[in-house]
Amino acid sequence: MRFNAFTSLADLETDLYDVVIVGGGVSGLTLAAALSKTSQLKVALVESMSLEPASNWDPSADVYSNRCSSLTPSSRNYLMQIGAWDHIAATRIQQYKNMRVWDGVSDARITFDSEIQAGVNSERPLAYMAENINLQNGLLAYLAADSSEKVTIWDKTKVQEISYGPKLTDVDLTTWPKLSLDNGSQMITRLLIGADGVMSPVRQFAGIESRGWDYGQHGVVASLDLEWDDFQSVAWQRFLPTGPIALLPLPDGKASLVWTTTPKLASHLKSLDSDGFCTMVNAAFRLSMVDINYMYNLTDSSELETEFEWRDELLPLEDEAVKYPIRVVKATGVASFPLRMRHCDCYSAPRIALVGDAAHTTHPLAGQGLNLGQGDIASLAPILEMALSRGQDIGDETVLQEYWANRYPINHFMLGVVDKLQKLYCTDFPPLVALRSAGLEIVDNVPFLKQFIVAQATGA
């Protein structure tokens with residue numbers, strides 16, 4: 001509609017909201033769920049893709065998604081706090097209390113388990129593995145169960161333009177973001193939240209700079225079947241010169257794979273059939289780099305299996321169950337995506353805030369991406385609630401700067417640590433290999449250092 005100087009708020013045909021969230025991923029839905037507990041707020045969530053697959057999710061017991069996340073206890077506790085955890089399918093979540101990490105060049109190792117958390121909480125897991133679609137389904141179910149309907153969800157709806165509202169005869173909305181949607185609707189909001197990913201249009205509208213770099217690597221993901229159930233529920237990670245490979249446990253003898261490698265090798269791995277891909281996964285966890293590099297040149301699954309078995313027979317059998325994960329026998333949903341690090345100069349502008357990947361993205365080697373986003377929401381939602389209780393404008397920059405000041409140092413530290421680890425381990429330069437191997441062995445024998453690392457990684 002066309003606004004003119006004589007239009008009043010009562011005559012305005014555009015929908016008015018206190019908060020509009022752009023992005024219906026886990027971060028956006030978690031924030032919507034958190035804000036739904038605040039009775040004073042009228043909230044809308046806009047998502048360009050259909051949320052029906054997540055809302056109507058009815059998975060087969062034998063099939064798991066290839067997009068999974070490792071939730072820290074802090075992230076899981078926040079979902080419990082806002083009431084959404086009970087709506088998430090518990091039978092498809094796997095907790096683990098043990099993680100084994102080693103250097104693929106030197107074989108130096110470090111083990112993390114619940115016992116080293118004596119100063120934290122020795123009974124709680126290191127993490128909970130969950131499919132992203134399971135989390136989305138639970139959050140949508142939680143919002144659907146809210147009879148007050150304080151959150152309006154617009155899926156299959158693209159934001160065509162973001163601008164500012166009009167100056168009316170009785171109120172000035174020229175600082176309020178206005179969204180024009182592809183269905184012809186418009187909405188004006190007191191506070192606009194960007195939960196819309198690394199290419200965030202909300203961030204671009206706010207003029208917030210995002211800095212970082214591409215790693216020149218791809219993350220290969222897949223859902224795997226193990227040879228038998230992993231009753232220990234151990235997470236495994238081996239650092240290869242081309243990038244780390246991680247095998248993370250899921251229920252019922254399943255596992256989630258995240259394999260960081262070069263774009264060329266990622267393309268090669270995706271070209272293999274299930275048997276050939278599984279053989280390469282098993283080789284990547286067990287064989288030397290000389291053997292692995294040779295096998296990268298093979299494409300026939302039977303030839304790969306023959307070469308792997310011959311080389312694997314030469315490995316010593318002692319402590320095999322402690323040194324290597326259970327073999328994988330089937331792979332589905334093999335896909336890849338480019339890896340990058342990005343961090344915004346700030347997380348807020350007048351009447352705009354950024355959360356999750358819109359504010360920061362990180363390498364997956366530490367499994368912190370989704371957890372950093374959950375931390376953003378656990379900080380932002382209470383700040384908005386406190387501002388309401390004080391009678392403040394939730395879109396005021398002084399309110400939003402408190403959120404930015406709270407989260408930026410935490411995220412900056414974690415992104416920096418992950419980035420340095422990526423650079424340290426993506427090399428086979430002998431002096432660096434010796435240095436990092438000595439560091440692993442020292443940390444593995446100093447309990448309080450391992451306790452500190454676990455505390456930082458789990459949010460304790």
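Ser 233 counts as buried, at 9% relative accessibility (buried means under 20% relative accessible area, exposed over 50%, and partly exposed in between, with a 1.4 Å probe and protein chains only). This is a predicted model, where local features need pLDDT of at least 70 and side-chain atom pairs count only at pLDDT 80 or more, while totals for chains, interfaces and linings use all residues. Residues are numbered from 1 along each chain as its sequence is written, and side-chain values use heavy atoms, with hydrogens and water left out.

Back to Ser 233: it sits in the loop between β12 (210-226) and β13 (234-240) (strands are DSSP runs of E, at least two residues, and helices are runs of H or I, at least four, numbered from the N terminus). Its phi is positive, about 50 degrees, even though Ser 233 is not a glycine. Most residues other than glycine have a negative phi.

Now for the chain as a whole. The protein chain has 14 helices and 19 strands, and 54% of its 460 residues count as buried. Its C-alpha trace spans about 85 × 45 × 40 Å along the principal axes. Of the contacts with a separation of 6 or more, 75% are between residues 24 or more positions apart (contact means heavy atoms within 4.5 Å).

What about the inside? The largest nonpolar core has 67 residues, and those with the most contacts inside it are Val 19, Val 20, Ile 21, Met 187 and Ile 193 (a nonpolar core is a set of buried Ala, Val, Leu, Ile, Met, Phe, Trp, Tyr and Cys residues joined through side-chain atoms within 4.5 Å). Apart from it lies another core of 37 residues, among them Ala 266, Leu 304, Phe 308 and Ile 326. Leaving aside neighbours within four places in sequence, Ile 193 is in contact with residues including Val 22, Leu 31, Val 202, Ala 353, Val 355 and Leu 380.

Val 417 lies in helix α12 (residues 397-425) and is partly exposed, with a relative accessible area of 31%.
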